[in-house]
Amino acid sequence: MTPEARAAEFDAADPLSAYRDRFTLPEGVIYLDGNSLGALPKATPEVLRRVVEREWGEGLIRSWNDAGWFAMAGRVGAKIAPLIGAAPDEVIACDSTSVNLFKLIAAALAMRPGRKVILSEPGNFPTDLYMIAGLEAQGLATRRLAEREALADALGDDVALLLLTHVHYKTGAMHDMAALTRAAHEAGALVLWDLSHSTGAVPVDLNGVGADFAVGCGYKYLCGGPGAPAFAFVAARHQAELRQPLTGWFGHAAPFAFSDDYAPAPGIEQLQCGTPPVLGLAALEVGVELIAEIGVGRLHQKSQALSQFFLACLADHGVALDCVSPADSSARGSQLSFRHTEAYAICQALIARGVIGDFRDPDVLRLGFAPAYLSFADIAAAARHLAEVLANGEWQNAVFRQRAAVT
Ligand SMILES: *Cc1c(COP(=O)(O)O)cnc(C)c1O
């Protein structure tokens, strides 16, 4: 049987196949970059039109009360909560992932006086490492990096916080969240998980593993749109003690008392800083509701099937690429990454054929399998395109080697 024939059988048996129609995807495009910018839910433009024209245009300032804008960050956070094993009042949608990292790293340092080390791994997503460096420059933190196998040993009694990305952005390799959380706690440290490549793609159980803090991205698998608000999780047991440093008025216990003195909101609302981006939250809410409706368990199952099928198709075509993602689909997120010295040009040649993946410096071709809107037919076609691009040397065309600003 050809890969295409097998794909047709898989698609016919796929319980999620109908959800593809809930997304807008351009004709002729196979979108393998939903791990970087999720596709547009069909419902989003209509919701945005309502919020802009009716709530903003007609409701004006009244909409902060009447349309629920004031409570929106908490409401969207509460809808993200079940996707990550959190309680509704432990999650808030606000700011960017980078800013939320800063707030929670600083908060963790304040909760572990006498300890200054933030432990992470080399090759973690850059912003995670840069935000530690920013606190280090202020004299508040010391950055320590240890390779994955050495993390447990690096958890000395000077470590305030273990900060890791659950699913690695480049390789898709997934950390054992339960084991590392336990190891950190045994060493007296707190844990902050970056769930940017996990949320909406793989099951996460923050309270099941006893995690302290988490952050994550709204524009990847949650389909919140470019620059969507991110989210932050603080375990209920830490909320009374929590002090985050960006003490803006929206994190105040009573913002509309207009007091001269800051007093933090008692709950997760303290994580807010300034006025929330209502349009961004409205778009994010649509994506979150859709992903929650499909269900992370089913999404994860399908994503594993899609990536396994892609590997099988490549094998059928006789393509032998250096896959840097874990071979075991339960040990990786929803992506496959391949190392090749010409990964950039190969990626561009694929994009010219309508197969959109991305490139991560210096030599990784990254293909994401967002299970909410990809079919097995897409996977078979993408594998065939990749096999052809490699076989005929199409990537050697000079235009495919010119680097754009965003890769
Ligand atoms: C995408 C991503 C981010 C994004 O941070 P922003 O502040 O939204 O730019 C952060 N961390 C990880 C691990 C990511 O994959």
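Predicted model: local features only at pLDDT ≥ 70, side-chain atom pairs only at ≥ 80, totals over all residues.
Asp-194 places a polar side-chain atom 2.7 Å from a ligand nitrogen atom, and in the side chain of Tyr-219 an N or O atom is 2.8 Å from an oxygen atom of the ligand. The ligand taken alone exposes 390 Å², of which the protein buries 87%.

## The shell around the ligand

The elements that contribute two or more residues to this shell are helix 5 (97–111) and helix 6 (126–137). The residues surrounding the ligand include Thr-97 and Ser-98, together with Thr-127 and Asp-128; Ser-96, Phe-125, Thr-165, Asp-194, Ser-196, His-197, Tyr-219 and Lys-220 also belong to the surroundings of the ligand. Sorted by class, the shell holds seven polar, three charged and two nonpolar residues.

## The enclosed cavity

When the whole structure is searched, one cavity of 30 Å³ or more is found, and the volume of the largest cavity is about 40 Å³. Its lining is made up of Gly-34, Gly-200, Tyr-221, Cys-223, Ile-291, Leu-299, Ala-370, Pro-371, Ala-372 and Tyr-373; by class, eight of these lining residues are nonpolar and two are polar, while no charged residues take part.

Methods: Residues numbered from 1 in each chain as written. Heavy atoms only, no water. 1 Å grid on protein atoms, 1.4 Å probe; cavity = no way out; pocket = protein on both sides within 12 Å on 5 of 7 lines; lining within 4 Å. Points joined across faces, edges and corners; volume = space filled by probe spheres on them. Nonpolar A, V, L, I, M, F, W, Y, C, P; charged D, E, K, R; others polar. Near = heavy atom within 4 Å. Polar contact = N/O pair within 3.5 Å; in protein donor to acceptor, adjacent residues only side chain to side chain. Areas by Shrake-Rupley, 256 points an atom, 1.4 Å probe, with all protein chains shown as cover. Helix = DSSP H or I, 4+ residues; strand = E, 2+ residues; numbered from the N terminus.
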